[in-house]
Amino acid sequence: MFSTAGRVVHRCKGSLGLPLRARLNNLSRTAHVIEKQVLGQATTKHASLPGNYVQRRFEHSAASSIFSRFVGGLAVAERDQSPPKVKLLIGGEYVDSEAVEWIDVVNPATQEVVSKLPLSTSHEFEAAVNAAKEAFPKWRSTPVTTRQRVMFKLQQLIRRDMEKLAANVTTEQGKTLADARGDVFRGLEVVEQACGMANAQMGEFVENVSSGIDTYSIRQPLGVCAGICPFNFPAMIPLWMFPMAVTCGNTFILKPSEKDPGASMMLAELAAEAGLPAGVLNIVHGTHDVVNRICDHPDIKAVSFVGSDVAGMHIYARASQTGKRVQSNMGAKNHGVVLQDAAFEPTVNSLIGAAFGAAGQRCMALSTVVFVGDSQRWEEALKQKAEALKVTAGTEPGADVGPVISKQAKERVCNLVESGVQAGARLVLDGRNVTVPGYEQGNFIGPTILADVTPEMECYKQEIFGPVLVCMKAGSLDEAIQIVNNNKYGNGTAIFTQSGAAARLFQHEIDVGQVGINVPIPVPLPFFSFTGWKGSFAGDLNFYGKAGSHFYTQIKTVTASWKHLDQGVTMAFPTSQKVAGFPVNRKFLHSSGTSETHVLSSCPVVRIAMFLLVHLSSVKDRTENVALSFFFLSVKLLVMNTDLIV
């Protein structure tokens with residue numbers, strides 16, 4: 001066991017000595033690694049009312065052994081419990097839920113139950129929010145350099161446990177191990193970006209905006225923030241969210257996908273090991289009820305979401321109504337436009353990888369290709385390469401395409417393919433009836449290619465989210481651009497060409513937020529931001545990069561005056577046109593019965609009037625009257641146009 005800030009968490013060590021491939025194959029088939037190691041003593045927590053936890057100790061005995069199962073990185077101390085139950089993370093404690101309803105977390109390649117996930121109760125959710133709220137004042141006052149050091153340590157630990165994280169992602173989500181490593185690594189890059197958060201939080205300063213007055217802006221954290229994650233990137237999306245949020249000084253409530261929570265639990269362990277204090281990161285589980293609680297809770301200030309259109313617009317509307325900031329990444333229909341001059345082999349390889357990688361379950365999957373001109377040679381090459389892809393469990397050697405997440409997802413994909421065929425699309429390659437030896441119960445769909453697709457077909461209008469490539473034709477680049485721009489989504493697009501002029505026209509005219517030029521999946525690195533447009537995004541500030549740090553902070557503007565002279569009372573609205581102090585001739589003022597004062601002036605008109613008043617008033621009465629008239633006229637004009645303080 002290792003202990004961090006009073007938390008007792010058990011790590012799986014027994015499996016580390018096995019050969020990697022054997023371990024991972026075993027992981028796929030059994031759905032979880034069981035470390036049969038008898039614990040002398042283990043502590044677990046049980047949630048009841050918010051902030052009120054009852055502790056139980058399990059004593060070791062020969063008759064009743066306590067086993068620890070490695071479930072998503074989180075050790076579950078239990079009495080021969082199978083499948084294990086996923087815990088909550090509240091205030092630094094891993095808590096047994098008192099939920100009545102539980103969901104099976106299923107390996108999509110085998111249908112074996114990996115673990116059981118609780119639908120968190122309202123009391124448990126409230127306890128998590130309270131823990132985050134209580135941790136916020138101290139965490140926001142922690143120096144940003146200290147918060148950055150936690151991220152430095154976290155990225156080191158993620159690298160150390162890369163294979164374990166990838167194995168868990170493959171077990172619960174189904175993607176191949178190579179793709180799972182990419183899932184983890186792209187999230188790791190956001191953690192690396194968070195290591196430089198001090199630069200992203202720098203404000204602005206302007207000296208002397210008015211006489212003796214300075215104005216500056218600073219960025220401060222919002223408070224308790226929340227993240228709602230999808231199933232397709234169990235490691236990357238949580239790492240888009242909580243590292244940026246907490247390094248900005250916020251505390252966080254994370255709701256992983258109910259289909260694959262393990263990676264989030266592992267990352268929470270690593271964050272604690274890196275030094276993240278108790279209560280800064282909390283994890284709750286559930287479905288729509290927990291989502292609605294996140295949207296409605298008054299102590300949650302911002303919500304990040306990645307997922308489907310229906311859920312995304314619901315969250316955006318409901319959370320915005322309660323005054324929350326929301327960033328909502330939703331569906332996509334990403335087009336690849338292929339010109340006839342495109343490099344043939346690299347373009348075909350790019351289309352295959354972008355369309356069928358992760359079984360098409362990416363929001364940036366290149367699910368539609370628009371051929372400008374003849375398409376026959378492209379279709380033939382795509383079919384040949386797609387047929388050669390190996391469809392099997394993600395842990396099998398040489399796996400190219402894993403299962404989709406659930407049987408319901410498989411049914412939906414197959415129905416959309418059939419709708420295209422019924423509407424007149426040509427089935428170039430049909431992968432719906434693929435069989436995978438040894439994994440006959442898995443949710444597998446082979447690579448599928450539909451050609452002659454038109455914009456009114458359902459298989460084009462909807463995001464299929466499976467290993468299906470939809471092929472369309474255009475007579476010109478302008479027509480291809482029009483097809484892309486008419487689509488309701490605007491997440492990503494790519495053009496394949498060797499013409500700089502065509503690429504330049506495309507990037508300028510296309511109405512999509514992320515553009516690739518001979519790059520099939522143009523997901524920007526995290527020093528930029530993920531900038532989906534149109535129906536693919538709802539909100540004002542995007543994920544990670546500069547926009548991400550701005551989303552998790554609010555601007556405070558300070559105007560400061562440290563003048564050493566009392567300038568009296570003014571009732572006029574302050575502006576930057578106030579003039580600096582100018583001492584009036586005291587002898588003259590006393591002789592005329594005027595009280596001692598200072599006339600503030602940097603204006604040449606007033607200076608001339610003062611000169612005439614002081615130096616010419618003794619010559620003649622008439623001259624004095626002219627000087628006085630000129631002086632008071634200039635003062636009147638200034639009062640009408642500025643705020644003169646006397």
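User: At 1% relative accessibility, does A359 count as buried or exposed?
Analyst: Welcome! This is a predicted model, in which local features need pLDDT of at least 70, side-chain atom pairs count only at pLDDT 80 or more, and totals for chains, interfaces and linings use all residues. Buried means under 20% relative accessible area, exposed over 50% and partly exposed in between, with a 1.4 Å probe and protein chains only, so A359, at 1%, counts as buried.

User: Where does A359 lie, and what is its phi near?
Analyst: A359 lies in the loop between α11 (344–356) and β20 (368–372); helices (H or I, at least four residues) and strands (E, at least two) are DSSP runs, numbered from the N terminus. A359 is a residue other than glycine with a positive phi, near 55 degrees.

User: Which strand holds N208, and what is the phi of N208 near?
Analyst: N208 has its place in strand β12. Its phi is positive in a residue other than glycine, with a value near 60 degrees.

User: How many aromatic pairs does a search of the whole structure find?
Analyst: Rings of Phe, Tyr and Trp (its six-membered ring) pair if their centres lie within 6.5 Å; planes under 30 degrees apart count as stacked, over 60 as edge-to-face and the rest as tilted. With that rule, the number found in the whole structure is 10.

User: Why is the pair of F205 and Y216 stacked, and how many residues apart in sequence are the parts it ties together?
Analyst: The ring centres of F205 and Y216 are 5.5 Å apart and the planes are at 10 degrees, so the pair is stacked. F205 counts as exposed at 53% relative accessibility, and Y216 counts as partly exposed at 28%. Because F205 lies in strand β12 (residues 204–210) and Y216 in strand β13 (residues 213–221), the pair ties together parts whose separation in sequence is 11 residues.

User: What kind of pair do the rings of F551 and Y552 form?
Analyst: F551 counts as buried at 2% relative accessibility, and Y552 counts as buried at 1%. Their ring centres are 5.0 Å apart and the planes stand at 80 degrees, so the pair is edge-to-face.

User: Which lysine has its charged end over the ring of W102, and which lies over the face of F233?
Analyst: A charge sits over a ring if NZ of Lys or CZ of Arg is within 6 Å of the ring centre and within 35 degrees of the ring normal. The ring of W102 has a charged end 4.6 Å from its centre, that of K85. Over the face of F233, at 4.0 Å from the ring centre, lies K175.

User: How much space lies in the largest pocket?
Analyst: On a 1 Å grid over the protein atoms alone, a cavity is a set of points where a 1.4 Å probe fits but cannot get out, and a pocket is an open set with protein on both sides within 12 Å along at least five of seven lines; lining residues have an atom within 4 Å of a point. Grid points are joined across faces, edges and corners, and a volume is the space filled by probe spheres set on the points. For the largest pocket, that space is about 920 Å³.

User: Which element gives the most to the lining of the largest pocket?
Analyst: The lining has 41 residues, and those closest to the pocket centre are F231, G307, S308, D309 and A311. By class, the lining has 18 nonpolar residues (Ala, Val, Leu, Ile, Met, Phe, Trp, Tyr, Cys and Pro), eight charged (Asp, Glu, Lys and Arg) and 15 polar (the others, Gly among them). The elements that give two or more residues are α9 (288–296), β17 (300–306), α10 (309–321) and α13 (407–422). With five residues, the element that gives the most is α10.

User: Why do the buried residues of α16 lie on the same side, and which residues are exposed on the other side?
Analyst: Helix α16 (residues 500–509) has A502, A503 and F506 as its buried residues. They cover an arc of only 100 degrees around the axis (taken from the directions from the helix axis to the C-beta atoms), which puts them on the same side of α16. On the other side, the exposed residues are G500, A501 and H508.

User: What distance separates the C-alpha atoms of V246 and R140?
Analyst: V246 has its place in helix α7 (residues 236–247) and is buried, with a relative accessible area of 0%. V246 and R140 are 106 residues apart along the chain, and their C-alpha atoms are separated by 8.8 Å.

Conventions: Residues numbered from 1 in each chain as written. Heavy atoms only, no water.
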